[in-house]
Number of protein chains: 2
Amino acid sequence: MRARRNGLQEPGLHAQDGPETASTLAEVAYRQLRADIVSGAYSPGQPLRLETLKQRYGLSFSPLREALNRLQTERLVVTAALRGFSVAPVSVEEMWDVIETRILIECEALKRAIRNGDDDWEAGIVASFHALDLQVRRRSVEKVSDGSDLALLENRHQEFHRSLISACRSHRLLSLADQLHAETQRYRLPMLAGKIPAAPRDVALEHRQIMDATLARDSASAQQFLADHYQRTGKVIEGSVFA
Amino acid sequence: MRARRNGLQEPGLHAQDGPETASTLAEVAYRQLRADIVSGAYSPGQPLRLETLKQRYGLSFSPLREALNRLQTERLVVTAALRGFSVAPVSVEEMWDVIETRILIECEALKRAIRNGDDDWEAGIVASFHALDLQVRRRSVEKVSDGSDLALLENRHQEFHRSLISACRSHRLLSLADQLHAETQRYRLPMLAGKIPAAPRDVALEHRQIMDATLARDSASAQQFLADHYQRTGKVIEGSVFA
DNA sequence: AAAAGAGTTTCTTTCGAAAATTCTCCATGC
DNA sequence: GCATGGAGAATTTTCGAAAGAAACTCTTTT
(Lines give C-alpha, C1' and ligand atoms only; values in the text may rest on other atoms or scores of the structure.)
Protein backbone atom coordinates (compact mmCIF):
# COMPACT_ATOMS: atom_id res chain seq x y z
CA MET A 1 0.00 0.00 0.00
CA ARG A 2 1.19 3.50 -0.58
CA ALA A 3 2.42 5.95 2.01
CA ARG A 4 -0.61 6.23 4.18
CA ARG A 5 -0.56 7.10 7.81
CA ASN A 6 2.47 9.28 7.33
CA GLY A 7 1.42 11.78 4.74
CA LEU A 8 -1.71 12.69 6.53
CA GLN A 9 -1.13 16.33 7.20
CA GLU A 10 -2.60 16.77 3.75
CA PRO A 11 -1.55 20.11 2.36
CA GLY A 12 -5.17 20.36 1.37
CA LEU A 13 -7.07 22.93 -0.60
CA HIS A 14 -8.20 24.46 2.67
CA ALA A 15 -5.49 25.71 4.93
CA GLN A 16 -7.45 24.91 8.05
CA ASP A 17 -6.53 21.81 9.92
CA GLY A 18 -9.20 21.03 12.43
CA PRO A 19 -8.54 20.99 16.14
CA GLU A 20 -8.25 17.21 16.46
CA THR A 21 -6.15 15.74 13.68
CA ALA A 22 -7.88 13.00 11.81
CA SER A 23 -6.07 9.72 11.65
CA THR A 24 -8.18 7.87 9.15
CA LEU A 25 -8.70 8.67 5.52
CA ALA A 26 -12.43 8.42 6.01
CA GLU A 27 -12.18 11.28 8.46
CA VAL A 28 -10.13 13.30 6.01
CA ALA A 29 -12.66 12.65 3.29
CA TYR A 30 -15.47 13.71 5.60
CA ARG A 31 -13.82 16.99 6.53
CA GLN A 32 -12.81 17.97 3.05
CA LEU A 33 -16.10 17.05 1.46
CA ARG A 34 -18.01 18.88 4.15
CA ALA A 35 -15.86 21.97 3.80
CA ASP A 36 -16.17 21.90 0.02
CA ILE A 37 -19.93 21.52 0.07
CA VAL A 38 -20.40 24.21 2.67
CA SER A 39 -18.09 26.61 0.89
CA GLY A 40 -19.90 26.14 -2.37
CA ALA A 41 -17.20 24.31 -4.32
CA TYR A 42 -20.02 22.12 -5.56
CA SER A 43 -23.35 23.57 -6.55
CA PRO A 44 -26.61 22.35 -5.02
CA GLY A 45 -28.04 19.29 -6.71
CA GLN A 46 -24.77 18.46 -8.40
CA PRO A 47 -24.11 14.73 -8.59
CA LEU A 48 -21.06 13.58 -6.68
CA ARG A 49 -19.55 10.90 -8.90
CA LEU A 50 -17.29 8.59 -7.02
CA GLU A 51 -14.76 8.38 -9.81
CA THR A 52 -14.44 12.17 -9.83
CA LEU A 53 -14.13 12.40 -6.07
CA LYS A 54 -11.59 9.64 -6.11
CA GLN A 55 -9.38 11.66 -8.41
CA ARG A 56 -10.00 14.99 -6.75
CA TYR A 57 -9.13 13.84 -3.26
CA GLY A 58 -6.76 11.02 -4.13
CA LEU A 59 -8.75 8.54 -2.06
CA SER A 60 -10.54 5.37 -2.97
CA PHE A 61 -14.16 4.33 -2.72
CA SER A 62 -14.36 3.13 0.85
CA PRO A 63 -13.39 6.29 2.74
CA LEU A 64 -15.38 8.44 0.34
CA ARG A 65 -18.50 6.38 0.78
CA GLU A 66 -18.21 6.50 4.54
CA ALA A 67 -17.88 10.24 4.43
CA LEU A 68 -20.85 10.60 2.11
CA ASN A 69 -22.96 8.46 4.37
CA ARG A 70 -22.21 10.67 7.30
CA LEU A 71 -22.95 13.80 5.32
CA GLN A 72 -26.20 12.29 4.26
CA THR A 73 -27.48 12.13 7.83
CA GLU A 74 -26.42 15.76 8.19
CA ARG A 75 -28.56 16.67 5.20
CA LEU A 76 -25.68 18.11 3.21
CA VAL A 77 -25.83 15.22 0.78
CA VAL A 78 -28.78 13.27 -0.57
CA THR A 79 -28.80 9.85 -2.11
CA ALA A 80 -31.20 7.88 -4.27
CA ALA A 81 -31.12 4.13 -3.86
CA LEU A 82 -28.79 2.91 -6.61
CA ARG A 83 -28.17 6.23 -8.23
CA GLY A 84 -25.38 7.57 -6.08
CA PHE A 85 -24.95 10.72 -4.10
CA SER A 86 -25.50 14.37 -4.88
CA VAL A 87 -25.21 17.68 -3.07
CA ALA A 88 -28.45 18.46 -1.25
CA PRO A 89 -30.61 20.82 -3.29
CA VAL A 90 -31.67 24.20 -1.95
CA SER A 91 -35.09 25.87 -1.79
CA VAL A 92 -36.78 28.67 0.08
CA GLU A 93 -38.82 26.20 2.10
CA GLU A 94 -35.75 24.27 3.18
CA MET A 95 -33.95 27.47 4.01
CA TRP A 96 -36.68 28.58 6.35
CA ASP A 97 -36.87 25.17 7.91
CA VAL A 98 -33.16 25.33 8.67
CA ILE A 99 -33.38 28.86 10.00
CA GLU A 100 -36.40 28.24 12.20
CA THR A 101 -34.88 25.07 13.58
CA ARG A 102 -31.64 26.86 14.22
CA ILE A 103 -33.45 29.60 16.09
CA LEU A 104 -35.21 27.01 18.21
CA ILE A 105 -31.99 25.21 19.11
CA GLU A 106 -29.78 28.22 19.64
CA CYS A 107 -32.31 30.21 21.65
CA GLU A 108 -32.74 27.32 24.02
CA ALA A 109 -28.99 26.87 24.21
CA LEU A 110 -28.52 30.58 24.80
CA LYS A 111 -31.10 30.55 27.57
CA ARG A 112 -29.27 27.76 29.34
CA ALA A 113 -25.87 29.33 28.75
CA ILE A 114 -27.08 32.57 30.34
CA ARG A 115 -28.29 30.55 33.30
CA ASN A 116 -25.09 28.52 33.69
CA GLY A 117 -22.30 30.61 32.22
CA ASP A 118 -19.31 31.60 34.33
CA ASP A 119 -16.54 34.18 33.96
CA ASP A 120 -14.67 32.18 31.35
CA TRP A 121 -17.79 32.00 29.25
CA GLU A 122 -18.22 35.76 29.39
CA ALA A 123 -14.57 36.30 28.54
CA GLY A 124 -14.89 33.98 25.57
CA ILE A 125 -17.81 35.95 24.23
CA VAL A 126 -16.05 39.27 24.54
CA ALA A 127 -12.90 37.89 22.94
CA SER A 128 -14.64 36.29 19.97
CA PHE A 129 -16.80 39.33 19.43
CA HIS A 130 -13.72 41.49 19.32
CA ALA A 131 -11.98 39.16 16.88
CA LEU A 132 -15.01 39.19 14.65
CA ASP A 133 -15.40 42.94 14.82
CA LEU A 134 -11.75 43.45 13.96
CA GLN A 135 -12.03 41.21 10.97
CA VAL A 136 -15.13 42.98 9.72
CA ARG A 137 -13.43 46.38 9.90
CA ARG A 138 -10.26 45.13 8.28
CA ARG A 139 -12.25 43.64 5.48
CA SER A 140 -14.33 46.73 4.85
CA VAL A 141 -11.19 48.85 4.72
CA GLU A 142 -9.14 46.68 2.42
CA LYS A 143 -12.05 46.13 0.06
CA VAL A 144 -10.58 42.87 -1.11
CA SER A 145 -12.51 39.67 -0.94
CA ASP A 146 -10.23 36.78 -1.74
CA GLY A 147 -11.13 33.34 -0.52
CA SER A 148 -8.97 33.09 2.55
CA ASP A 149 -10.20 36.43 3.76
CA LEU A 150 -13.78 35.35 3.52
CA ALA A 151 -13.10 32.00 5.13
CA LEU A 152 -11.43 33.71 8.06
CA LEU A 153 -14.31 36.11 8.53
CA GLU A 154 -16.69 33.23 8.43
CA ASN A 155 -14.70 31.36 11.05
CA ARG A 156 -14.79 34.37 13.34
CA HIS A 157 -18.51 34.64 12.84
CA GLN A 158 -19.09 31.03 13.71
CA GLU A 159 -16.77 31.31 16.69
CA PHE A 160 -18.77 34.22 18.05
CA HIS A 161 -22.09 32.44 17.77
CA ARG A 162 -20.61 29.32 19.25
CA SER A 163 -19.11 31.14 22.21
CA LEU A 164 -22.53 32.51 23.11
CA ILE A 165 -24.00 29.08 23.68
CA SER A 166 -20.85 27.24 24.72
CA ALA A 167 -21.96 27.15 28.35
CA CYS A 168 -25.31 25.50 27.69
CA ARG A 169 -24.14 22.13 29.02
CA SER A 170 -25.71 20.02 26.34
CA HIS A 171 -23.77 17.96 23.83
CA ARG A 172 -26.76 17.65 21.62
CA LEU A 173 -27.66 21.30 21.41
CA LEU A 174 -24.09 22.22 20.59
CA SER A 175 -23.64 19.69 17.84
CA LEU A 176 -27.07 20.43 16.41
CA ALA A 177 -26.10 24.09 16.30
CA ASP A 178 -22.95 23.10 14.43
CA GLN A 179 -24.86 21.09 11.88
CA LEU A 180 -27.46 23.74 11.33
CA HIS A 181 -24.74 26.31 10.94
CA ALA A 182 -23.22 24.27 8.12
CA GLU A 183 -26.57 24.07 6.41
CA THR A 184 -27.34 27.78 6.63
CA GLN A 185 -23.87 28.56 5.43
CA ARG A 186 -24.72 27.27 1.98
CA TYR A 187 -27.55 29.75 1.73
CA ARG A 188 -25.50 32.66 2.94
CA LEU A 189 -22.79 32.07 0.37
CA PRO A 190 -24.06 34.36 -2.41
CA MET A 191 -24.52 37.09 0.17
CA LEU A 192 -21.00 36.74 1.52
CA ALA A 193 -19.52 36.76 -1.95
CA GLY A 194 -21.11 40.15 -2.45
CA LYS A 195 -23.44 38.96 -5.16
CA ILE A 196 -26.34 40.39 -3.28
CA PRO A 197 -26.80 44.17 -3.18
CA ALA A 198 -25.46 45.04 0.26
CA ALA A 199 -28.49 45.22 2.48
CA PRO A 200 -29.08 48.40 4.46
CA ARG A 201 -28.29 46.53 7.60
CA ASP A 202 -25.88 46.96 10.45
CA VAL A 203 -24.79 43.43 11.20
CA ALA A 204 -22.15 44.59 13.65
CA LEU A 205 -24.83 46.33 15.67
CA GLU A 206 -26.96 43.21 15.71
CA HIS A 207 -24.03 41.24 17.07
CA ARG A 208 -23.38 43.83 19.71
CA GLN A 209 -26.99 43.80 20.83
CA ILE A 210 -26.93 40.03 21.18
CA MET A 211 -23.72 40.19 23.16
CA ASP A 212 -24.84 42.99 25.44
CA ALA A 213 -28.14 41.37 26.31
CA THR A 214 -26.37 38.08 26.91
CA LEU A 215 -23.75 39.56 29.22
CA ALA A 216 -26.49 41.45 31.04
CA ARG A 217 -28.13 38.04 31.53
CA ASP A 218 -31.28 39.38 29.92
CA SER A 219 -32.38 36.05 28.52
CA ALA A 220 -35.57 37.16 26.77
CA SER A 221 -33.95 40.08 24.96
CA ALA A 222 -30.92 38.06 23.99
CA GLN A 223 -33.07 35.36 22.48
CA GLN A 224 -35.12 37.93 20.62
CA PHE A 225 -32.06 39.64 19.18
CA LEU A 226 -30.61 36.32 18.14
CA ALA A 227 -33.81 35.19 16.45
CA ASP A 228 -34.15 38.52 14.66
CA HIS A 229 -30.58 38.30 13.51
CA TYR A 230 -31.15 34.96 11.80
CA GLN A 231 -34.53 35.91 10.45
CA ARG A 232 -33.23 39.10 8.86
CA THR A 233 -30.57 37.12 7.09
CA GLY A 234 -33.25 34.79 5.82
CA LYS A 235 -35.31 37.65 4.48
CA VAL A 236 -32.38 39.22 2.67
CA ILE A 237 -31.59 35.94 0.97
CA GLU A 238 -35.23 35.25 0.20
CA GLY A 239 -35.58 38.66 -1.38
CA SER A 240 -32.63 38.29 -3.70
CA VAL A 241 -31.52 34.73 -4.38
CA PHE A 242 -35.04 33.33 -4.48
CA ALA A 243 -36.63 36.35 -6.05
CA MET B 1 -21.18 -12.60 -6.41
CA ARG B 2 -23.88 -14.36 -4.49
CA ALA B 3 -27.59 -13.89 -4.92
CA ARG B 4 -27.91 -10.25 -4.00
CA ARG B 5 -30.64 -8.02 -5.19
CA ASN B 6 -33.11 -10.87 -5.16
CA GLY B 7 -33.03 -12.17 -1.65
CA LEU B 8 -33.48 -8.79 -0.11
CA GLN B 9 -36.74 -9.21 1.71
CA GLU B 10 -34.55 -10.54 4.47
CA PRO B 11 -36.60 -12.71 6.76
CA GLY B 12 -34.89 -10.76 9.51
CA LEU B 13 -34.92 -11.12 13.22
CA HIS B 14 -37.44 -8.32 13.40
CA ALA B 15 -40.67 -8.83 11.53
CA GLN B 16 -41.03 -5.18 10.71
CA ASP B 17 -40.21 -4.14 7.20
CA GLY B 18 -39.98 -0.42 7.00
CA PRO B 19 -42.24 1.63 4.78
CA GLU B 20 -39.78 2.10 1.93
CA THR B 21 -38.09 -1.14 0.99
CA ALA B 22 -34.34 -0.88 1.07
CA SER B 23 -32.57 -1.89 -2.09
CA THR B 24 -28.99 -1.79 -0.93
CA LEU B 25 -27.30 -3.97 1.60
CA ALA B 26 -25.95 -0.93 3.36
CA GLU B 27 -29.54 0.13 3.99
CA VAL B 28 -30.40 -3.32 5.33
CA ALA B 29 -27.39 -3.22 7.60
CA TYR B 30 -28.38 0.21 8.86
CA ARG B 31 -31.93 -0.84 9.70
CA GLN B 32 -31.04 -4.07 11.38
CA LEU B 33 -28.20 -2.64 13.40
CA ARG B 34 -30.32 0.28 14.47
CA ALA B 35 -33.20 -1.97 15.49
CA ASP B 36 -30.88 -4.28 17.37
CA ILE B 37 -29.17 -1.48 19.25
CA VAL B 38 -32.44 0.20 20.14
CA SER B 39 -34.04 -3.03 21.25
CA GLY B 40 -31.13 -3.85 23.49
CA ALA B 41 -29.73 -6.84 21.63
CA TYR B 42 -26.35 -5.32 22.35
CA SER B 43 -25.54 -3.79 25.70
CA PRO B 44 -24.30 -0.22 26.04
CA GLY B 45 -20.57 0.14 25.59
CA GLN B 46 -20.24 -3.24 23.95
CA PRO B 47 -17.69 -3.28 21.14
CA LEU B 48 -19.11 -4.05 17.73
CA ARG B 49 -16.49 -6.22 16.11
CA LEU B 50 -16.75 -6.25 12.38
CA GLU B 51 -16.01 -9.94 12.09
CA THR B 52 -18.84 -10.72 14.46
CA LEU B 53 -21.29 -8.45 12.69
CA LYS B 54 -20.24 -9.91 9.38
CA GLN B 55 -21.24 -13.35 10.55
CA ARG B 56 -24.36 -12.29 12.35
CA TYR B 57 -25.87 -10.40 9.45
CA GLY B 58 -24.23 -12.25 6.59
CA LEU B 59 -22.85 -9.06 5.13
CA SER B 60 -19.34 -7.91 4.43
CA PHE B 61 -17.33 -4.99 5.69
CA SER B 62 -18.40 -2.24 3.35
CA PRO B 63 -22.15 -2.14 4.01
CA LEU B 64 -21.58 -2.64 7.72
CA ARG B 65 -19.14 0.22 7.93
CA GLU B 66 -21.48 2.52 6.08
CA ALA B 67 -24.27 1.66 8.46
CA LEU B 68 -22.06 2.18 11.50
CA ASN B 69 -20.97 5.56 10.21
CA ARG B 70 -24.56 6.67 9.91
CA LEU B 71 -25.41 5.37 13.35
CA GLN B 72 -22.45 7.25 14.71
CA THR B 73 -23.91 10.59 13.67
CA GLU B 74 -27.15 9.53 15.33
CA ARG B 75 -25.29 8.91 18.58
CA LEU B 76 -26.29 5.30 18.82
CA VAL B 77 -22.74 4.19 18.10
CA VAL B 78 -19.43 5.70 19.11
CA THR B 79 -16.06 5.20 17.52
CA ALA B 80 -12.46 5.86 18.47
CA ALA B 81 -10.02 6.53 15.68
CA LEU B 82 -8.52 3.16 14.84
CA ARG B 83 -10.20 1.24 17.58
CA GLY B 84 -13.45 0.38 15.88
CA PHE B 85 -17.06 0.94 16.83
CA SER B 86 -19.03 0.26 19.96
CA VAL B 87 -22.55 0.79 21.19
CA ALA B 88 -22.92 4.24 22.72
CA PRO B 89 -22.65 4.08 26.50
CA VAL B 90 -25.45 5.23 28.76
CA SER B 91 -25.46 7.55 31.76
CA VAL B 92 -27.91 9.63 33.74
CA GLU B 93 -26.50 12.82 32.31
CA GLU B 94 -26.89 11.61 28.74
CA MET B 95 -30.39 10.40 29.48
CA TRP B 96 -31.49 13.79 30.68
CA ASP B 97 -29.83 15.48 27.77
CA VAL B 98 -31.80 13.29 25.40
CA ILE B 99 -35.04 13.81 27.28
CA GLU B 100 -34.70 17.57 27.56
CA THR B 101 -33.76 17.88 23.91
CA ARG B 102 -36.66 15.69 22.95
CA ILE B 103 -39.03 17.84 24.96
CA LEU B 104 -37.71 20.94 23.24
CA ILE B 105 -38.14 19.47 19.78
CA GLU B 106 -41.47 17.77 20.28
CA CYS B 107 -43.09 20.66 22.13
CA GLU B 108 -42.20 23.01 19.32
CA ALA B 109 -43.42 20.49 16.76
CA LEU B 110 -46.63 20.00 18.73
CA LYS B 111 -47.21 23.73 18.88
CA ARG B 112 -46.90 24.00 15.13
CA ALA B 113 -49.01 20.92 14.51
CA ILE B 114 -51.77 22.36 16.64
CA ARG B 115 -51.55 25.54 14.60
CA ASN B 116 -51.54 23.80 11.22
CA GLY B 117 -53.28 20.47 11.74
CA ASP B 118 -56.35 19.58 9.70
CA ASP B 119 -59.06 16.94 10.03
CA ASP B 120 -56.86 14.12 8.82
CA TRP B 121 -54.32 15.00 11.46
CA GLU B 122 -56.95 14.84 14.19
CA ALA B 123 -58.26 11.55 12.86
CA GLY B 124 -54.75 10.13 12.87
CA ILE B 125 -54.29 11.05 16.50
CA VAL B 126 -57.55 9.48 17.59
CA ALA B 127 -56.84 6.34 15.61
CA SER B 128 -53.32 5.83 16.90
CA PHE B 129 -54.38 6.60 20.46
CA HIS B 130 -57.05 3.95 20.20
CA ALA B 131 -54.65 1.40 18.75
CA LEU B 132 -52.22 2.08 21.55
CA ASP B 133 -54.89 1.94 24.24
CA LEU B 134 -56.18 -1.38 22.90
CA GLN B 135 -52.71 -2.85 22.94
CA VAL B 136 -52.10 -1.70 26.49
CA ARG B 137 -55.30 -3.31 27.74
CA ARG B 138 -54.70 -6.53 25.83
CA ARG B 139 -51.25 -6.73 27.28
CA SER B 140 -52.32 -6.12 30.86
CA VAL B 141 -54.98 -8.83 30.56
CA GLU B 142 -52.85 -11.53 29.00
CA LYS B 143 -49.98 -10.90 31.37
CA VAL B 144 -47.52 -12.27 28.86
CA SER B 145 -44.58 -10.27 27.71
CA ASP B 146 -42.90 -12.03 24.85
CA GLY B 147 -40.78 -10.04 22.49
CA SER B 148 -43.18 -9.50 19.62
CA ASP B 149 -45.84 -8.29 22.01
CA LEU B 150 -43.53 -5.71 23.46
CA ALA B 151 -42.29 -4.62 20.06
CA LEU B 152 -45.85 -4.13 18.87
CA LEU B 153 -46.75 -2.08 21.92
CA GLU B 154 -43.69 0.01 21.40
CA ASN B 155 -44.61 0.62 17.77
CA ARG B 156 -48.05 1.76 18.77
CA HIS B 157 -46.55 4.08 21.33
CA GLN B 158 -44.21 5.63 18.81
CA GLU B 159 -47.00 5.92 16.28
CA PHE B 160 -49.12 7.84 18.76
CA HIS B 161 -46.41 10.31 19.59
CA ARG B 162 -45.56 10.71 15.94
CA SER B 163 -49.15 11.34 14.93
CA LEU B 164 -49.35 14.23 17.39
CA ILE B 165 -46.62 16.17 15.65
CA SER B 166 -47.11 14.88 12.13
CA ALA B 167 -48.69 18.13 10.99
CA CYS B 168 -45.83 20.36 12.11
CA ARG B 169 -44.60 20.89 8.54
CA SER B 170 -40.92 20.56 9.30
CA HIS B 171 -38.73 17.77 7.97
CA ARG B 172 -36.12 18.52 10.49
CA LEU B 173 -38.28 18.47 13.58
CA LEU B 174 -39.85 15.19 12.52
CA SER B 175 -36.60 13.42 11.85
CA LEU B 176 -35.02 14.81 14.98
CA ALA B 177 -37.96 13.48 16.95
CA ASP B 178 -37.37 10.09 15.35
CA GLN B 179 -33.72 10.08 16.28
CA LEU B 180 -34.34 11.19 19.83
CA HIS B 181 -37.03 8.56 20.19
CA ALA B 182 -34.50 5.88 19.25
CA GLU B 183 -32.11 7.18 21.84
CA THR B 184 -34.64 7.35 24.65
CA GLN B 185 -35.84 3.90 23.76
CA ARG B 186 -32.61 2.40 25.00
CA TYR B 187 -33.17 3.91 28.41
CA ARG B 188 -36.77 2.79 28.64
CA LEU B 189 -35.91 -0.82 27.89
CA PRO B 190 -35.49 -2.09 31.47
CA MET B 191 -38.77 -0.42 32.35
CA LEU B 192 -40.64 -2.03 29.50
CA ALA B 193 -39.23 -5.42 30.28
CA GLY B 194 -40.78 -5.12 33.71
CA LYS B 195 -37.47 -5.07 35.50
CA ILE B 196 -38.47 -1.93 37.27
CA PRO B 197 -41.10 -2.06 40.01
CA ALA B 198 -44.19 -0.85 38.20
CA ALA B 199 -44.44 2.81 39.07
CA PRO B 200 -47.67 4.07 40.59
CA ARG B 201 -48.41 5.88 37.41
CA ASP B 202 -51.29 5.99 34.99
CA VAL B 203 -49.57 6.23 31.63
CA ALA B 204 -52.83 5.78 29.75
CA LEU B 205 -54.23 8.82 31.50
CA GLU B 206 -51.16 10.86 30.60
CA HIS B 207 -51.63 9.95 26.98
CA ARG B 208 -55.28 10.88 27.10
CA GLN B 209 -54.51 14.24 28.63
CA ILE B 210 -52.01 15.00 25.89
CA MET B 211 -54.49 13.99 23.22
CA ASP B 212 -57.40 15.91 24.69
CA ALA B 213 -55.46 19.13 25.08
CA THR B 214 -54.09 18.75 21.58
CA LEU B 215 -57.47 18.17 19.98
CA ALA B 216 -58.87 21.10 21.99
CA ARG B 217 -56.04 23.11 20.40
CA ASP B 218 -54.86 24.13 23.83
CA SER B 219 -51.23 24.47 22.88
CA ALA B 220 -49.80 25.43 26.27
CA SER B 221 -51.50 22.61 28.16
CA ALA B 222 -50.67 20.05 25.51
CA GLN B 223 -47.01 21.00 25.65
CA GLN B 224 -47.03 20.86 29.41
CA PHE B 225 -48.61 17.41 29.49
CA LEU B 226 -46.16 16.17 26.91
CA ALA B 227 -43.15 17.51 28.76
CA ASP B 228 -44.41 16.08 32.05
CA HIS B 229 -44.95 12.72 30.38
CA TYR B 230 -41.33 12.49 29.26
CA GLN B 231 -39.97 13.90 32.48
CA ARG B 232 -41.86 11.43 34.62
CA THR B 233 -40.43 8.59 32.59
CA GLY B 234 -36.98 10.03 33.15
CA LYS B 235 -37.49 10.20 36.88
CA VAL B 236 -38.72 6.63 37.12
CA ILE B 237 -35.67 5.40 35.25
CA GLU B 238 -33.34 7.62 37.21
CA GLY B 239 -34.74 6.30 40.47
CA SER B 240 -34.30 2.64 39.59
CA VAL B 241 -31.77 1.93 36.88
CA PHE B 242 -29.33 4.60 37.98
CA ALA B 243 -30.00 4.24 41.68
C1' DA C 1 -42.61 9.19 -36.77
C1' DA C 2 -43.18 7.19 -32.18
C1' DA C 3 -42.46 3.30 -29.42
C1' DA C 4 -40.18 -0.66 -28.05
C1' DG C 5 -36.14 -3.32 -27.38
C1' DA C 6 -31.42 -5.11 -27.40
C1' DG C 7 -26.77 -4.01 -26.75
C1' DT C 8 -23.36 -0.88 -24.88
C1' DT C 9 -21.63 2.13 -21.62
C1' DT C 10 -21.31 4.30 -17.24
C1' DC C 11 -21.75 4.26 -12.56
C1' DT C 12 -22.77 2.34 -8.02
C1' DT C 13 -22.35 -1.22 -4.82
C1' DT C 14 -20.20 -5.13 -2.86
C1' DC C 15 -16.61 -8.24 -1.92
C1' DG C 16 -12.23 -10.34 -0.29
C1' DA C 17 -7.64 -9.61 0.41
C1' DA C 18 -3.67 -6.64 1.64
C1' DA C 19 -1.77 -3.07 4.53
C1' DA C 20 -1.60 -0.46 8.77
C1' DT C 21 -2.51 -0.16 13.46
C1' DT C 22 -3.60 -1.54 18.08
C1' DC C 23 -3.79 -5.05 21.54
C1' DT C 24 -1.90 -8.97 24.24
C1' DC C 25 1.17 -11.29 26.66
C1' DC C 26 5.49 -12.90 27.85
C1' DA C 27 10.28 -12.29 28.57
C1' DT C 28 13.81 -9.18 30.18
C1' DG C 29 16.16 -5.92 33.01
C1' DC C 30 16.31 -2.94 36.98
C1' DG D 1 8.23 -7.08 42.30
C1' DC D 2 7.34 -3.99 38.68
C1' DA D 3 7.99 -1.39 34.76
C1' DT D 4 9.70 -1.91 29.75
C1' DG D 5 9.75 -3.53 25.46
C1' DG D 6 8.92 -6.08 21.70
C1' DA D 7 7.31 -10.09 18.90
C1' DG D 8 2.89 -12.15 17.53
C1' DA D 9 -2.09 -12.00 17.23
C1' DA D 10 -6.27 -9.65 16.51
C1' DT D 11 -8.70 -5.90 14.37
C1' DT D 12 -9.56 -2.04 11.74
C1' DT D 13 -8.96 0.44 7.58
C1' DT D 14 -8.06 0.78 2.80
C1' DC D 15 -7.65 -0.72 -1.80
C1' DG D 16 -8.70 -2.53 -6.47
C1' DA D 17 -11.39 -5.45 -8.90
C1' DA D 18 -15.68 -7.73 -9.99
C1' DA D 19 -20.67 -7.82 -10.01
C1' DG D 20 -25.08 -5.47 -10.61
C1' DA D 21 -28.16 -1.72 -11.92
C1' DA D 22 -29.34 2.24 -14.35
C1' DA D 23 -28.67 5.33 -18.33
C1' DC D 24 -27.79 5.77 -22.97
C1' DT D 25 -27.68 4.73 -27.91
C1' DC D 26 -28.95 2.88 -31.88
C1' DT D 27 -31.66 -0.07 -34.32
C1' DT D 28 -36.10 -2.27 -35.46
C1' DT D 29 -41.01 -2.45 -35.59
C1' DT D 30 -45.75 -0.85 -35.80
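**Ground rules.** I number residues from 1 along each chain as its sequence is written, and letter chains from A and number ligands from 1 in the order written. In this predicted model, local features need pLDDT of at least 70, side-chain atom pairs count only at pLDDT 80 or more, totals for chains, interfaces and linings use all residues, and side-chain values use heavy atoms, with hydrogens and water left out.

**Chain A.** I looked up the secondary structure, where helices (H or I, at least four residues) and strands (E, at least two) are DSSP runs numbered from the N terminus. Chain A has 9 helices and 3 strands. Along the sequence I read α-β-α-α-β-β-α-α-α-α-α-α. Of its 243 residues, 43% count as buried (under 20% relative accessible area; exposed is over 50%, partly exposed in between, with a 1.4 Å probe and protein chains only). I then checked contacts (heavy atoms within 4.5 Å). Among those between residues at least 6 apart in sequence, 70% join residues at least 24 apart.

**H4 and H9 of chain B.** I fitted axes as lines to C-alpha atoms over the stretch in contact, with angles from 0 to 180 degrees between N-to-C directions. H4(B), residues 92-116, and H9(B), residues 219-240, come within 9 Å and cross at roughly 165°. That makes the two roughly antiparallel (under 35 degrees is roughly parallel, over 145 roughly antiparallel, 65 to 115 roughly perpendicular, the rest oblique). Residues that meet here include B:Trp96 and B:Ile103 from H4(B), and B:Leu226 and B:Tyr230 from H9(B).

**B:Glu106.** This residue lies in H4 of chain B. Is B:Glu106 buried or exposed? At 3% relative accessibility, B:Glu106 counts as buried. Leaving out residues up to four places away in sequence, B:Glu106 touches B:His161, B:Ile165, B:Ala177, B:Leu226 and B:Tyr230.

**Across the chains.** I next compared H4(A), residues 92-116, with H7(B), residues 171-192: their axes come within 8 Å and cross at roughly 55°. That makes H4(A) oblique to H7(B). A:Glu94, A:Asp97, A:Val98, A:Thr101 and A:Leu104 meet B:His171, B:Arg172, B:Leu173 and B:Leu176.

**H8 of chain B.** I checked its length last. At 1.5 Å a residue, the 13 residues (203-215) should span 18 Å, and the end C-alpha atoms are 18 Å apart, which agrees; the expected span is 1.5 Å times one less than the number of residues. Buried residues in H8(B) include B:His207, B:Ile210 and B:Met211. Just after H8(B), B:Arg217 takes a positive phi of about 60°.
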